[in-house]
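Visitor: Please pick a single part of this model and take me through it closely, with the cut-offs behind each term.

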Amino acid sequence: MPRHAELRTLIPSDRIQARVAEMGREIAADYAGPLRLIAILKGACFFLSDLARAVDRDVSLDFMGIASYGRNKTSSGEVRVTKDLDSGIAGLDVLVVEDIVDTGITLTYLCHVLEQRKPRSLRIATLLDKPSRRIKPVDVAYVGFQIPDEFVVGYGLDYGEQYRNLRDICVLVEGPPEGVLR
Ligand code: IMP
């Protein structure tokens with residue numbers, strides 16, 4: 001896989017693994033019964049697979065695909081579902097698993113869609129949070145790391161579909177052009 005010349009490690013793999021294990025224990029302690037984990041494709045897949053194994057509870061998995069339009073349009077909240085859930089969530093405890101909360105537009109839209117399906121509870125777990133970029137307030141129950149306003153890749157996060165398989169979370173020093181979100 002080609003590597004970008006300008007990558008700076010922000011969160012090394014051992015810190016990610018330690019924090020995900022901690023989050024798993026916290027989540028297991030907060031729920032008594034079974035839990036449906038819903039990962040947002042594709043970035044959250046790596047986080048989901050580690051988190052699911054760290055939650056010592058009866059968990060089931062589902063996936064949702066979301067597309068955001070370019071940055072010039074995100075403030076209008078234009079988001080659409082590209083892959084829907086395989087099964088219903090009515091009456092279930094649901095935890096949405098996301099890679100990063102940036103403006104908050106994606107999760108605001110997604111939570112609105114999921115609330116209409118009447119889950120018993122709906123919470124969000126995100127590995128990364130960029131609070132300084134928030135446009136829409138989002139109530140995030142579990143946050144792995146708060147990070148500054150920098151474009152990051154690795155551990156599922158991409159730039160033009162590259163770098164998802166990096167073990168560390170790295171800053172892409174040169175940064176992406178405007179309009180690149182997913
Ligand atoms: P939001 O709707 O602005 O909160 O955008 C969330 C989505 O934007 C994430 O799920 C990512 O796909 C993408 N995103 C935001 N910041 C970054 C970043 O630093 N690296 C890679 N993707 C990002």
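**A strand and its surroundings**

Guide: D93 is buried, with a relative accessible area of 9%, where buried means under 20%, exposed over 50% and partly exposed in between, using a 1.4 Å probe and the protein chains only. This is a predicted model, in which local features need pLDDT of at least 70 and side-chain atom pairs count only at pLDDT 80 or more, while totals for chains, interfaces and linings use all residues. Residues are numbered from 1 along each chain as its sequence is written, and side-chain values use heavy atoms, with hydrogens and water left out.

D93 forms a salt bridge with R120, their closest N and O atoms being 3.0 Å apart; the term requires a side-chain nitrogen of Lys or Arg within 4 Å of a carboxyl oxygen of Asp or Glu. Because D93 lies in strand β5 and R120 in the loop between α4 and β6 (121–129), the pair ties together parts that are 27 residues apart in sequence. Strands (E, at least two residues) and helices (H or I, at least four) are DSSP runs numbered from the N terminus.

Oxygen atoms of the ligand lie 3.2 Å from a polar side-chain atom of E98, 2.9 Å from a polar backbone atom of G104 and 2.9 Å from a polar side-chain atom of K130. Taken alone the ligand exposes 490 Å², of which the protein buries 98%, the areas coming from the Shrake-Rupley method with a 1.4 Å probe.

In the loop between β5 (93–101) and α4 (105–115) sits D102, which counts as buried at 12% relative accessibility. The side chain of D102 makes a polar contact with that of R133 at 2.7 Å, a polar contact being a pair of N or O atoms within 3.5 Å; within protein, one must be able to donate a hydrogen and the other to accept it, and residues adjacent in sequence count only if both atoms are side-chain atoms.
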